[in-house]
Amino acid sequence: MHPVLIRAESIRATESPCVPLTGAEYDALALERSQVQRSLTTELDALLLPLGYQRKGSDWRKTSIRGHSVLNFQKGQNGLACYFNAGIMTLLERASPTGSHSSGGSRYFRIAAFCPELPKNFVADALHYARLHDDTAFRNGILTIIRARVIPWMEARHRRWFRAPTPEDMRRIRIFEDA
C-alpha cells in the first residue's frame with residue numbers, strides 16, 4: 001500500500017499557551033470537543049470496523065488466534081486534549097521494549113512512536129481539541145499516521161508473519177512529502 005504523500009508541516013506542533021478560559025470560551029471548547037470526538041469516532045469506525053475490529057466506547061479491539069490489538073482514543077484529563085494509544089498482545093511476545101507502556105504482556109504506544117516527523121517537544125502526544133477542530137491539515141496528518149502506520153502495525157499481529165514489524169519499522173513508511 002502506498003498512501004498519498006501529504007505535507008509534513010501539517011503535523012508540526014505549535015505552542016499551546018496555558019491561559020485560563022472564560023465561561024463562554026469553555027462552553028465553545030466543550031462544543032468543539034464533542035464535535036471532534038464524534039467525527040473522529042465516525043472516521044475510525046470507517047477504518048477499523050471493516051477490518052474486524054469491534055468498538056466499545058473509545059476502544060477498537062480485534063482478537064485472533066495470534067493475539068489481540070487495540071486502538072484507544074483517550075480523552076485528556078483536563079478536557080483540552082486527547083491521545084491515541086495503540087496496543088498489542090501476542091502469545092509469544094512478552095518483553096516490553098524501551099519507550100512503551102507494558103501491562104501483563106501487552107504493549108501500548110502513543111502515536112509519536114510511529115511518527116518521527118513529530119517534533120521532539122511534542123509533549124506527551126497531546127492532541128488539542130481546538131487544533132483538531134480548526135486545523136484540517138493537522139487532523140488529516142494524524143489520521144494518515146493512524147491509517148498508514150498504526151493500523152498496519154496492529155494488523156500484522158493477526159497475520160502469519162514470523163517477525164512482525166515494530167513501531168520503529170513502521171516509522172520508515174514514507175507518508176509525508178518533505179520527511
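**First stop: the cavity lining**

By class, the largest cavity is lined by 8 nonpolar, 1 polar and 1 charged residues (Ala, Val, Leu, Ile, Met, Phe, Trp, Tyr, Cys and Pro count as nonpolar, Asp, Glu, Lys and Arg as charged, and the others, Gly among them, as polar). Keep in mind that this is a predicted model, where local features need pLDDT of at least 70, side-chain atom pairs count only at pLDDT 80 or more, and totals for chains, interfaces and linings use all residues. Numbering runs from 1 along each chain as its sequence is written, and side-chain values use heavy atoms, with hydrogens and water left out.

To see the lining, select Leu-71, Phe-84, Asn-85, Ala-86, Phe-109, Arg-110, Ile-111, Phe-114, Ile-146 and Val-150. A cavity here is a set of points on a 1 Å grid over the protein atoms alone where a 1.4 Å probe fits but cannot get out; lining residues have an atom within 4 Å of a point. Now colour strand 4 (81-90), strand 6 (106-110) and helix 3, each of which supplies at least two lining residues. Strand 4 gives the largest share, with 3 residues. Helices (H or I, at least four residues) and strands (E, at least two) are DSSP runs, numbered from the N terminus.

How many cavities of 30 Å³ or more are there? The count comes to 1, and the largest cavity has a volume of about 40 Å³, taken as the space filled by probe spheres set on the points, which are joined across faces, edges and corners.

**Next: two helices crossing**

Select helix 1 (residues 23-48) and helix 3 (residues 136-156): their axes come within 12 Å and cross at roughly 35°. Axes are lines fitted to C-alpha atoms over the stretch in contact, with angles from 0 to 180 degrees between N-to-C directions. On helix 1, show contact residues including Val-36, Leu-40 and Glu-43; on helix 3, Arg-139, Leu-143 and Ile-146 are among them (contact means heavy atoms within 4.5 Å).

**Last: colour by confidence**

The chain's mean pLDDT, the predictor's confidence in each residue from 0 to 100, is 76.

Notes: On a 1 Å grid over the protein atoms alone, a cavity is a set of points where a 1.4 Å probe fits but cannot get out, and a pocket is an open set with protein on both sides within 12 Å along at least five of seven lines; lining residues have an atom within 4 Å of a point.
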